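I opened the model today and kept notes as I went. The entries follow the order in which I looked things up.

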Amino acid sequence: MKTVALPNGERVPAFGQGTWYMGDSPARRAEEIATLRLGLDLGATLIDTAEMYGDGRAEQLVGEAIAGRRDEVFLVSKVLPHHATRRGTVKACEQSLKRLQTDRLDLYLLHWRGSVPFAETLHALVALQSAGKIRHYGVSNLDLADMQEIFELAGGAAIATNQLLYNLARRGVEFDLLPWLSERHIPVMAYSPLEQTRLIDDSKLSAFARKHGMTPAQAALAWLLARDDVIVIPKSGRAERLRENLGALEHPLSVSQLAELDGLFPPPDGPRALEML
Ligand code: NAP
């Protein structure tokens with residue numbers, strides 16, 4: 001498995017598994033669990049979840065999927081902004097740990113910026129880290145100005161990642177946010193890398209993929225995997241799609257293929273407000 005370095009040098013899989021909407025359908029549950037386990041077998045050992053997903057149902061499902069295999073997993077979860085106070089963050093984390101049936105998270109993220117001051121959230125994250133309940137912490141959906149602000153606060157410079165909406169159809173972050181993160185060796189976790197299937201249905205990407213002997217999903221993921229500071233976290237609750245998506249690692253894109261994609265999905269030519277889903 002290709003890996004990406006966190007700021008402290010620890011390496012994590014460049015291909016992880018998303019879990020939004022997992023656990024919502026009782027009829028799909030067994031296959032979702034089996035798919036997450038298959039992912040572990042195939043090296044996609046980073047799992048991304050959040051207390052928000054299905055109001056804890058996704059975390060519960062992940063807990064079941066990783067039972068007996070906790071040490072293989074790099075486990076990521078997120079605190080909701082309105083829980084992210086000094087006390088609330090600690091309580092939310094403890095509840096996530098319970099649902100996930102574990103004693104620690106590998107990475108805990110502030111899901112997006114709410115009204116709680118960053119300093120309060122950071123205080124709680126540092127306390128959780130000292131207590132051994134989380135190994136790393138980070139943020140999600142923070143634009144450049146937010147990153148600059150939080151980075152200056154106590155504990156801010158230890159932020160391990162910014163999880164962002166980033167895919168071929170959402171390249172705005174490339175203008176100033178990605179370079180700023182890259183200078184500080186902070187990798188990006190690219191969420192909705194398939195644009196929640198809209199990229200798979202895109203005619204330009206389909207034609208590109210056909211021409212180069214891969215599927216549209218593989219092309220979308222291979223484009224992100226071409227960077228050494230991006231972790232992709234596509235979600236699929238179906239074994240055959242997980243295998244297909246992992247196939248992106250077998251199709252590293254050449255310089256000319258990347259240039260072709262730049263023509264089809266142009267990079268930003270100026271600053272853009274951060275998009276989120
Ligand atoms: P995504 O990964 O871009 O797309 C997921 C959708 O694509 C699902 O409907 C999945 O259905 C389908 N799919 C996956 N592989 C496919 C394939 N090869 N062919 C056809 N369909 C395929 O979108 P996402 O779930 O929004 O993003 C990924 C993860 O990022 C989330 O699950 C979550 O963990 C995280 N996320 C974080 C934030 C944040 O604010 N931090 C926001 C959004 C997402 P099946 O499961 O039925 O295959």
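Does Asn 162 count as buried or exposed? The model is predicted, so every value in these notes is computed from it. Asn 162 has 0% relative accessibility, and because the cut-off for buried is under 20%, Asn 162 counts as buried.

**Entry 1, around Asn 162.** I placed Asn 162 in strand 8, which covers residues 162-165. Next I listed what Asn 162 touches, leaving out residues up to four places away in sequence. The list holds Val 139, Ser 140, Asn 141, Leu 142 and Met 147, then Leu 177 and Leu 181, and finally Ile 186, Pro 187, Val 188 and Met 189. For Asn 141 I also noted a distance: its backbone nitrogen is 3.5 Å from a polar atom of the Asn 162 side chain.

I then turned to helix 3, residues 86-100, with 15 residues. From first C-alpha to last I read 22 Å, close to the expected 21 Å at 1.5 Å a residue. Which residues of helix 3 are buried? I wrote down Gly 88, Thr 89, Ala 92, Cys 93, Ser 96, Leu 97, Arg 99 and Leu 100. These buried residues pack against two helices, helix 2 (57-65) and helix 4 (118-130). They also pack against strand 5 (74-79), strand 6 (105-110) and strand 7 (134-140). Just past the end of helix 3, I found Gln 101 with a positive phi of about 55 degrees.

I looked up the largest pocket and noted a volume of about 770 Å³. Its lining has 40 residues, and those nearest the centre are Trp 20, Gln 196, Pro 234, Lys 235 and Ser 236. Helix 8 (216-225) and helix 9 (239-246) are the elements that give two or more residues to this lining. Helix 9 gives the most, with three residues. By type, I have 15 nonpolar, 14 polar and eleven charged residues in the lining of the largest pocket.

How many cavities of 30 Å³ or more does a search of the whole structure find? The search gives three. The largest cavity has a volume of about 80 Å³. Its lining consists of Asp 143, Leu 165, Arg 170, Gly 172, Val 173, Asp 176, Leu 177, Arg 272, Ala 273, Leu 274 and Glu 275. I sorted that lining into five nonpolar, one polar and five charged residues.

Methods
Residues are numbered from 1 along each chain as its sequence is written. This is a predicted model: local features need pLDDT of at least 70, side-chain atom pairs count only at pLDDT 80 or more; totals for chains, interfaces and linings use all residues. Side-chain values use heavy atoms; hydrogens and water are left out. Helices (H or I, at least four residues) and strands (E, at least two) are DSSP runs, numbered from the N terminus. The expected span of a helix is 1.5 Å times one less than its number of residues. Buried means under 20% relative accessible area, exposed over 50%, partly exposed in between (1.4 Å probe, protein chains only). Contact means heavy atoms within 4.5 Å. A polar contact is a pair of N or O atoms within 3.5 Å; within protein, one must be able to donate a hydrogen and the other to accept it, and residues adjacent in sequence count only if both atoms are side-chain atoms. On a 1 Å grid over the protein atoms alone, a cavity is a set of points where a 1.4 Å probe fits but cannot get out, and a pocket is an open set with protein on both sides within 12 Å along at least five of seven lines; lining residues have an atom within 4 Å of a point. Grid points are joined across faces, edges and corners, and a volume is the space filled by probe spheres set on the points. Ala, Val, Leu, Ile, Met, Phe, Trp, Tyr, Cys and Pro count as nonpolar, Asp, Glu, Lys and Arg as charged, and the others, Gly among them, as polar.
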